[in-house]
Amino acid sequence: MTTIETDINISDLEKSNKRGHELLRYAYDVLQYDGIKLLHTAIDAGVSHVNHIMASSMLGYKPATLRNWHSQSNGPIQTRMINGKPFWAVKDIRHLLGE
């Protein structure tokens with residue numbers, strides 16, 4: 001396992017008593033994490049796939065851009081359909097950002 005240097009506040013995340021996708025949503029909505037901080041939170045929470053809102057925040061694009069990538073199948077990373085909805089793999093986002 002690789003250690004990630006980040007400035008996320010682990011104690012704030014632990015205080016929330018949330019895990020997985022709920023923790024990621026908490027970091028996004030309440031702590032207003034975005035970009036690399038949100039990506040590192042997803043990794044820490046063990047989240048494997050994220051929706052277009054979270055992925056766009058991590059990548060620094062508008063959600064519409066990721067929806068276009070999905071519908072046209074022409075983006076740098078591809079989606080995976082889960083319960084009929086497109087999701088992006090955290091490992092692909094991490095690779096794209098060079099993390």
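I take helices to be DSSP runs of H or I with at least four residues and strands to be DSSP runs of E with at least two, numbered from the N terminus. With that in hand, I placed Ser-73 in the loop between α5 (63-72) and β2 (79-82). The model I am reading is predicted, so that local features need pLDDT of at least 70 and side-chain atom pairs count only at pLDDT 80 or more, while totals for chains, interfaces and linings use all residues. Residues are numbered from 1 along each chain as its sequence is written, and side-chain values use heavy atoms, with hydrogens and water left out.

**Entry 1**

I looked up the backbone of Ser-73 and found a phi near 50°, which is a positive value in a residue other than glycine. Is Ser-73 buried or exposed? Ser-73 has a relative accessible area of 51% and is exposed, where exposed stands for over 50%, buried for under 20% and partly exposed for what is in between, with a 1.4 Å probe and protein chains only. I then turned to Asn-17, which lies in the loop between α1 (10-15) and α2, and noted that Asn-17 has a positive phi of about 55° although it is not a glycine. Asn-17 counts as exposed, at 71% relative accessibility.

**Entry 1: α2 against α3**

I followed helix α2 (residues 20-29) and helix α3 (residues 35-45), which pack at an angle of about 160° with their axes 9 Å apart; the axes are lines fitted to C-alpha atoms, for helices over the stretch in contact, and the angles run from 0 to 180 degrees between N-to-C directions. The two helices α2 and α3 are therefore roughly antiparallel to each other, by a scale on which angles under 35 degrees are roughly parallel, over 145 roughly antiparallel, 65 to 115 roughly perpendicular and the rest oblique. On the α2 side the contact (heavy atoms within 4.5 Å) is made by Gly-20, Leu-23, Leu-24, Ala-27 and Tyr-28, and on the α3 side by Leu-38, Thr-41, Ala-42 and Ala-45.

**Entry 2: α2 against α4**

I next compared α2 with α4, and these pack at an angle of about 55° with their axes 12 Å apart. That makes α2 oblique to α4. Which residues meet here? From α2 they are Leu-24, Arg-25 and Tyr-28, and from α4 they are Ile-53, Met-54, Ser-57 and Met-58.

I asked how many of the eight residues of α4 are buried. Six of them are, so α4 is largely enclosed by the rest of the structure. The buried residues are Met-54, Ala-55, Ser-56, Ser-57, Met-58 and Leu-59, and they pack against α2, α3, β1 (49-50), α5, β3 (85-89) and α6 (90-96). At the start of α4, I saw that a side-chain oxygen of Asn-51 reaches to within 3.1 Å of the backbone nitrogen of Ile-53. Just after α4, Gly-60 takes a positive phi of about 85°.

**Entry 3: His-52**

His-52 and Pro-63 are 11 residues apart in sequence, and 5.9 Å apart in space from C-alpha to C-alpha. Leaving out residues up to four places away in sequence, His-52 touches Pro-63, Leu-66, Arg-67 and Trp-88.

How values were computed:
Polar contact = N/O pair within 3.5 Å; in protein donor to acceptor, adjacent residues only side chain to side chain.
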